[in-house]
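Subject: Structure handover

Hello,

Here is the structure I promised to pass on. Please open it and keep it beside you as you read.

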Amino acid sequence: MKLIPSFQVDHTNLMPGIYISRTDKAGDILITTFDIRMIKPNREPAIAQAAMHTLEHLVATFMRNEPSIKDDVIYVGPMGCHTGMYVILQKEHTIDEVRKLMIKAMQYVADYSGEVPGTTPATCGNYLLHDLPMAKFEARRYAERLRNEFCCEYPHA
């Protein structure tokens with residue numbers, strides 16, 4: 001089988017940032033998959049599963065309620081390697097636009113208090129697997145990185 005493009009990225013040199021993972025067309029609609037890379041793969045500890053699950057719930061809630069983007073959100077979810085998330089949007093959006101949006105989303109998580117949305121047995125398939133304090137830590141760290149260490153060009157293997 002042909003190696004898919006995301007497995008052709010040199011993860012030994014990948015830095016935190018926002019990357020365009022792929023673009024697709026659904027009829028006349030452009031669909032872009034953004035790689036929201038939160039940590040340095042294989043050089044920093046992966047984001048803990050419970051923290052990543054909480055990040056998923058809060059960032060997805062933020063994105064699907066944010067007036068500037070909510071109608072374009074197709075998917076928000078974690079990477080299997082727990083080094084970041086994927087955000088899939090319809091229509092044309094730039095990396096800089098998504099960077100600004102992710103700073104707002106991460107600030108939302110960092111400032112969040114109360115019950116995490118969708119964390120009851122009826123609303124989540126693994127409702128006990130959440131860690132708000134660590135999600136807040138990861139959100140603060142990533143927002144700071146997006147302000148200072150921003151990277152957006154994939155290194156290729």
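Does Cys-124 count as buried or exposed? Cys-124 counts as buried, because its relative accessibility is 10% and the cut-off for buried is under 20%. Cys-152 is another case: its relative accessible area is 31%, so it is partly exposed. As for disulfides, the count is zero. Bear in mind throughout that this is a predicted model.

Now the sheet. Four strands make an open sheet, in the order S1-S2-S4-S3, and the pairing is antiparallel. S1 and S3 (73-78) are the edge strands, each pairing on one side only. From one strand to the next, the twist averages 15 degrees. If sheets are new to you, here is the background. Strands of a sheet pair through backbone hydrogen bonds, and they can be parallel or antiparallel.

Start with S4, residues 84-90. S2 and S4 run antiparallel and are joined by seven bridges. Find Thr-33 and you will see it opposite Ile-88 in S4. Arg-37 has Gly-84 of S4 as its bridge partner.

S3 also pairs with S4, antiparallel, over five bridges. Here Gly-77 stands opposite Tyr-86 of S4, and Tyr-75 has Ile-88 of S4 as its bridge partner. S3 and S4 form a hairpin, with five residues between them. Look in the turn for His-82, which has a positive phi of about 60 degrees.

How much of S4 is buried? Five of its seven residues are, so S4 is largely enclosed by the rest of the structure.

H1 touches S3 and S4, and its direction makes about 165 degrees with that of S3. H2 touches S1, S2 and S4, and its direction makes about 120 degrees with that of S1.

Next, a loop residue. Glu-66 sits in the loop between H1 and S3. Its relative accessible area is 12%, so Glu-66 is buried. Leaving aside residues up to four places away in sequence, Glu-66 touches Leu-101 and Lys-104.

Last, helix H3, residues 132-148. H3 has 17 residues, and at 1.5 Å a residue it should span 24 Å. Its end C-alpha atoms are 24 Å apart, so the two values agree.

At the start of H3, look for Asp-131. One of its side-chain oxygens comes to within 3.1 Å of the backbone nitrogen of Met-134.

Which residues of H3 are buried? They are Leu-132, Ala-135, Lys-136, Glu-138, Ala-139, Tyr-142, Ala-143, Arg-145 and Leu-146. As you go down that list, keep one rule in mind. An α-helix has 3.6 residues a turn, so residues three or four places apart point the same way.

What covers the buried residues of H3? The cover includes strands S1 (17-26) and S2 (29-37), along with helices H1 (49-65) and H2 (95-111).

Then turn to H3 and find its buried residues, Tyr-142 among them.

Best wishes

Key. Residues are numbered from 1 along each chain as its sequence is written. This is a predicted model: local features need pLDDT of at least 70, side-chain atom pairs count only at pLDDT 80 or more; totals for chains, interfaces and linings use all residues. Side-chain values use heavy atoms; hydrogens and water are left out. Helices (H or I, at least four residues) and strands (E, at least two) are DSSP runs, numbered from the N terminus. The expected span of a helix is 1.5 Å times one less than its number of residues. Buried means under 20% relative accessible area, exposed over 50%, partly exposed in between (1.4 Å probe, protein chains only). Contact means heavy atoms within 4.5 Å. A polar contact is a pair of N or O atoms within 3.5 Å; within protein, one must be able to donate a hydrogen and the other to accept it, and residues adjacent in sequence count only if both atoms are side-chain atoms. Two strands pair if DSSP finds at least two bridges between them. Axes are lines fitted to C-alpha atoms, for helices over the stretch in contact, and angles run from 0 to 180 degrees between N-to-C directions. A disulfide is a pair of cysteine sulfur atoms within 2.5 Å.
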